[in-house]
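Hello,

Here is the structure you asked for, with the sequence. My notes on it follow below.

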Amino acid sequence: MALKVVRSSVVENVLADPSKVTDHDYEWYVRNPGVAIWEENGDVVGFSAADPRNGNIWALFIAPGFEGKGIGSILLAEACARLKSAGIERAWLTTDPNTRAERFYRAAGWEHVGEKENELLFERSL
């Protein structure tokens, strides 16, 4: 539930249809080696989730008030490390255009390679 709270607290990249991300989705990532969590004072304030089946960074979210502290960079590195350890050579993700997330991924060296379902598609070698 803490992951859902963080996910729903973000101001950008808000899900147009929250029913597309189910409790089962969260549970799958928690059970499989793909979730990294950042806690502050016992509260989850950020998380990343990577899909070792296809190389997707499924989620990277930081609660408002905790952005800009390097947490996202650490969680993204952890997600990439988990994919690499699963044998993935190239990771991919999508994000909304003209957002802090887009600028973050570009600054981190991710390559804009196209669009997928009205979102920007980025890739990066691991």
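**Notes on the model**

His-112 is in strand 5. Please keep in mind throughout that this is a predicted model. At 32% relative accessibility, His-112 falls in the partly exposed class, because that class covers the range between 20% and 50%. Setting aside residues up to four places away in sequence, His-112 touches Arg-106, Leu-120, Leu-121 and Phe-122. Arg-100 is twelve residues from His-112 in sequence, and the two C-alpha atoms are 15 Å apart in space.

**Overall layout**

The protein has four helices and six strands. Along the sequence they come in the order α-α-β-β-β-α-β-α-β-β. The radius of gyration is 14 Å, close to the 14 Å that the globule rule gives for 126 residues, so the protein is as compact as a globular protein of that length. The C-alpha trace spans about 35 × 30 × 30 Å along its principal axes.

Of the 126 residues, 39% count as buried. The accessible surface is about 7,300 Å², and carbon and sulfur atoms account for 50% of that. As for charge, there are 14 positive and 19 negative side chains, and the centres of the two sets lie 3 Å apart.

**The nonpolar cores**

The largest nonpolar core has 19 residues. Those that touch the most other members are Ile-57, Leu-75, Leu-76, Leu-83, Leu-93, Tyr-105 and Trp-110. Two or more residues each come from strand 3 (56-62), helix 3 (71-85), strand 4 (90-95), helix 4 (100-107) and strand 6 (119-125). Helix 3 gives the most, with six residues.

Not counting residues up to four places away in sequence, Leu-93 touches Asn-56, Ile-57, Tyr-105, Trp-110, Leu-120, Leu-121 and Phe-122. Apart from this core lies another, of 13 residues, among them Tyr-26, Trp-28, Val-35 and Val-44.

Trp-28 lies in helix 2 (residues 23-31). Its relative accessible area is 16%, and Trp-28 is therefore buried, the limit being under 20%. Leaving aside neighbours within four places in sequence, Trp-28 is in contact with Asp-51, Pro-52 and Arg-53. From Trp-28 to Asp-51 the chain runs 23 residues, and their C-alpha atoms are separated by 9.7 Å.

Gly-46 is in strand 2. With 0% relative accessibility, Gly-46 counts as buried. What does Gly-46 contact, leaving aside its neighbours within four places in sequence? The residues are Val-6, Ala-36, Ile-37, Trp-38, Phe-61, Ile-62 and Leu-75. Val-10 is 36 residues away from Gly-46 along the chain, with 10 Å between the two C-alpha atoms.

**Two asparagines with positive phi**

Most residues other than glycine have a negative phi. Asn-41 is not a glycine, yet its phi is positive, at about 55 degrees. Asn-41 sits in the loop between strand 1 (35-40) and strand 2 (43-51). Is Asn-41 buried or exposed? Its relative accessibility is 80%, so Asn-41 counts as exposed.

Asn-118 also has a positive phi, near 65 degrees, in a residue other than glycine. Asn-118 is found in the loop between strand 5 (111-116) and strand 6. Asn-118 has a relative accessible area of 73% and is exposed.

**The end of helix 3**

Ser-85 itself counts as exposed, because its relative accessibility of 64% is over 50%. Leu-126 is 41 residues from Ser-85 in sequence, and the C-alpha atoms of the two are 9.9 Å apart in space.

Regards

Notes:
Residues are numbered from 1 along each chain as its sequence is written. This is a predicted model: local features need pLDDT of at least 70, side-chain atom pairs count only at pLDDT 80 or more; totals for chains, interfaces and linings use all residues. Side-chain values use heavy atoms; hydrogens and water are left out. The radius of gyration is taken over C-alpha atoms; the globule rule is 2.2 Å times the number of residues to the power 0.38. Buried means under 20% relative accessible area, exposed over 50%, partly exposed in between (1.4 Å probe, protein chains only). Accessible areas come from the Shrake-Rupley method with a 1.4 Å probe; for residues, only the protein chains shown count as cover. Lys and Arg count as positive and Asp and Glu as negative; His and the chain ends are not counted. The place of a charge is taken as NZ of Lys, CZ of Arg, CG of Asp or CD of Glu. A nonpolar core is a set of buried Ala, Val, Leu, Ile, Met, Phe, Trp, Tyr and Cys residues joined through side-chain atoms within 4.5 Å. Contact means heavy atoms within 4.5 Å.
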